[in-house]
Amino acid sequence: MNDLILRDDFKKACPTVVEGLKRAQSIFDSIKSFEDIERIFLKGNGLASETYRSYLQSIKQLYEYTGGLNPLQITPAHIEAFYDDLVKRVDRNTARLRIAGLKKFFAGIRGIIPIYTSPFELMTEKLLKKLSKAKKGSRTKKALSKTEANNFLTWLSGDNTLLGLENYAVVFMMITSGLRADELCQLRWKDIEYFEGNITGYFVGKGGKDAAQELYKPAVDASRRYFKKAFHREPRQEDNLFYTAPRFNGDGMRPLTPHALWARVKKAGQTAKDLGIIKRDINITPHTFRRSYATILYKSGMGIKAVQVKTRHTNIETLTKHYIDDTEPAKAYLDTAFAM
């Protein structure tokens with residue numbers, strides 16, 4: 001961006017615009033890499049961990065596609081070309097979510113540069129409709145079946161290293177509680193309550209609301225076994241349940257972060273698929289375990305209203321449409337109905 005040259009009478013008549021232009025130029029000139037984009041537009045803006053990760057992935061893909069173009073130079077044409085390339089590599093629903101992340105990212109720039117206009121505000125109705133088009137059919141995401149979940153846990157339990165014990169405990173906790181990644185990572189031992197044979201975890205849930213979740217005792221016991229091996233003592237009230245492994249000599253153990261958890265789970269899931277432990281083409285993430293929790297409860301006979309309570313969904317349609325995986329063959333049911 002060239003240096004701004006403004007007439008004195010314009011400066012006097014439109015001081016707010018002038019300041020906005022100067023700020024825009026200053027930010028434009030300060031962006032030399034993707035790390036600068038993350039630092040200026042994402043970090044410290046109060047985004048939830050999953051939202052932050054979604055924005056980061058979307059804008060990084062666009063940045064790489066455009067050859068490192070400054071976000072302030074992005075036009076509707078750039079985004080349309082990016083979308084056209086994206087749908088060649090992923091399904092239309094995934095592409096739509098990437099574009100939705102970009103739309104929110106560019107809208108957020110206005111909070112930093114008030115005079116900024118998002119490329120989405122300049123798009124034609126036809127283009128906006130194209131970018132928001134979803135794949136036809138059920139939008140229910142895939143979940144692990146009871147058999148797949150047990151096979152995955154059995155495989156993880158065979159690794160008795162410190163990392164193996166933690167991976168097993170983390171997955172066991174998530175798939176038997178439906179906790180989100182950031183909810184699990186914030187849990188401390190003082191947040192776990194034992195009462196009349198039940199175990200409850202207390203935390204700050206979605207939307208910053210205080211929340212509680214029933215926990216499964218074998219999963220909590222697995223978490224305790226991991227902690228005792230990691231620290232050679234019983235957990236104290238202020239201790240977190242899970243920690244990151246030291247990365248270098250002299251490095252200490254720090255509470256596990258949602259970002260590290262996602263990376264850990266995706267790596268374990270991919271290895272399980274490579275080894276044939278999980279035979280289906282399914283993307284395994286922490287949220288897969290939340291969907292699996294809902295699906296397993298429902299298919300094991302729990303009423304849909306009870307599942308709604310356990311997953312803390314205010315809208316039952318969201319639960320049935322996006323969480324419970326109802327893709328299964330009819331054979332087992334027909335064999336039961338028409339048994340000779």
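Which residues in helix 3 meet which residues in helix 6? The close-ups below, taken from a predicted model, begin with that contact.

**View 1. Helix 3 packs against helix 6.** Ile37, Ile40 and Phe41 are the residues from helix 3. They meet Phe105, Ile109 and Ile112 from helix 6. Sorted by class, this contact holds 6 nonpolar residues, no polar ones and no charged ones. Two packed helices are described by an angle and a distance, both taken between their axes. Helix 3 covers residues 34–41, and helix 6 covers residues 92–112. Their angle is about 65°. Their axes lie 10 Å apart.

**View 2. A salt bridge joins Lys130 and Asp84.** The two side chains meet at 2.9 Å, N to O. Lys130 sits in helix 7 (residues 125–131), while Asp84 sits in helix 5 (residues 76–86). The pair links distant parts of the chain, 46 residues apart.

**View 3. Lys310 and Glu214 form a salt bridge.** The closest N and O atoms are 2.6 Å apart. Lys310 belongs to helix 14 (residues 304–311), and Glu214 belongs to strand 3 (residues 210–215). The pair therefore ties together parts that are 96 residues apart in sequence. Lys310 counts as partly exposed, with 24% relative accessibility. Glu214 also counts as partly exposed, with 39%.

**View 4. Asp239 and Arg233 meet in a salt bridge.** Their side chains come to 2.9 Å, N to O. Why does Asp239 count as buried? Its relative accessible area is 11%, and buried means under 20%. Arg233 is partly exposed, because its relative accessibility is 23%.

View 5. Glu80, Asp84 and Lys130 are joined into one network.

View 6. The 3 strands run in the order 1-2-3, and their pairing is antiparallel. Strand 1 (192–195) and strand 3 are the edge strands. Each edge strand pairs on one side only. Neighbouring strands in this sheet are turned by 30° against each other on average, direction ignored.

View 7. Strand 2 covers residues 198–204. Strand 1 and strand 2 pair in the antiparallel sense over 4 bridges. Which residue in strand 2 is the bridge partner of Tyr194? That partner is Ile199. Glu193 has Thr200 in strand 2 as its bridge partner. The hairpin has 2 residues between its strands. Glu196 is in the turn, with a positive phi of about 50°.

Technical notes: Residues numbered from 1 in each chain as written. Predicted model: local features only at pLDDT ≥ 70, side-chain atom pairs only at ≥ 80, totals over all residues. Heavy atoms only, no water. Axes fitted to C-alpha atoms, helices over the stretch in contact; angles between N-to-C directions. Contact = heavy atoms within 4.5 Å. Nonpolar A, V, L, I, M, F, W, Y, C, P; charged D, E, K, R; others polar. Salt bridge = Lys/Arg side-chain N within 4 Å of Asp/Glu carboxyl O. Buried < 20%, exposed > 50% of the residue type's maximum accessible area, 1.4 Å probe, protein only. Pairing = 2+ DSSP bridges.
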